[in-house]
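Okay, thanks for coming, everyone. Let me put the sequence and the model up on the screen, and then I'll walk you through a few things.

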Amino acid sequence: MLKKLLRSSRVAATPAFAPAPGSRIYAIGDIHGCRDELERLLVMIDADDAARGTAETTLIFLGDLVDRGPDSAGVVARLMALAQERPRVRFLKGNHEELFLHALGGAKDALRMFCRVGGKETVLSYGVGRAEYDSLDYPQLAGRMEELVPPAHRAFLESFEDMIVSGDYAFVHAGVRPDVPLDEQKPSDLRWIRDSFLEYRGAYPKMIVHGHTITPEVDRRANRIGVDTGAYASGKLTALGIEDRETWILNT
């Protein structure tokens, strides 16, 4: 019995993970149209980056720039400008970008779902008034979105990546399918998966950094780190900093 108790009390050592040598990464959680929080977090990242000295710094946005918050159009425009200003800024496509693009492409079912999960706020941010929005049927709304969303915004969102790998880390929007090699993951799982990923306790090929699922604080597990702290509801937009074998948190 004593041996059994001793065995059960042992805690496996957490392996040390590191990104590619010489790199410093800031992984930013779901923004969801929160332009003010984004601006504050970018200032914090710049100050933190400068204080830590020289490195090859990359900003990775984990997806879901749009919907729910008040200024999706402003967030997209700001991050388009940021990508022009900085040499290493990368973007993952979230499920909300996927829905937005399908809706812009004329898919009726996608447009209905887009409107149900925060797309109304995105449409308003592009210049449709609330009274006008409420008066439009779905075909009319699709036409107004086609008129108001700049082609450059659409092209920018379409350019987003499905997965980014650096050293011992893999960055995705929602998660990965357990027991499937990373290079065989389906884009739909990378953007939409939830329970089977979150509940899995085994090791993944890399430490998975993700957004998509809201938690009050950064959700650190042995096999994954969740960085979505629900900015549109909490006002807390979070970045996970990673360098060598160290991680740290910045948030608004």
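So, how do the axes of helix α2 and helix α3 cross, and within what distance do they come? Before I answer, some housekeeping. This is a predicted model, where local features need pLDDT of at least 70, side-chain atom pairs count only at pLDDT 80 or more, and totals for chains, interfaces and linings use all residues. Residues are numbered from 1 along each chain as its sequence is written, and side-chain values use heavy atoms, with hydrogens and water left out.

Helix α2 is residues 35–51, helix α3 is residues 72–85, and their axes come within 9 Å and cross at roughly 30°. Axes here are lines fitted to C-alpha atoms, for helices over the stretch in contact, with angles running from 0 to 180 degrees between N-to-C directions. Helices are DSSP runs (H or I, at least four residues), strands are too (E, at least two), and both are numbered from the N terminus.

That angle makes α2 and α3 roughly parallel to each other; the cut-offs are under 35 degrees for roughly parallel, over 145 for roughly antiparallel, 65 to 115 for roughly perpendicular, and oblique for the rest. On the α2 side, the contact uses Arg-35, Leu-38, Glu-39 and Leu-42, and α3 brings Gly-74, Val-75, Arg-78, Leu-79 and Leu-82. Contact, by the way, means heavy atoms within 4.5 Å.

Now the other pair. Helix α5 (residues 108–125) and helix α7 (residues 138–148) have axes that come within 13 Å and cross at roughly 45°. So α5 is oblique to α7. From α5 we have Leu-111, Arg-112, Phe-114, Cys-115 and Val-123, meeting Tyr-138, Leu-141, Ala-142 and Met-145 of α7.

Next, have a look at His-32, in the loop between β1 (23–28) and α2. Is His-32 buried or exposed? Its relative accessibility is 2%, so it counts as buried; that means under 20% relative accessible area, with exposed over 50% and partly exposed in between (1.4 Å probe, protein chains only). Setting aside neighbours within four places in sequence, His-32 touches a list of residues including Asp-64, Asp-67, His-96 and Tyr-232.

Zooming out to finish: the chain has eleven helices and ten strands. Its C-alpha trace spans about 70 × 45 × 30 Å along the principal axes. Of the 252 residues, 50% count as buried.
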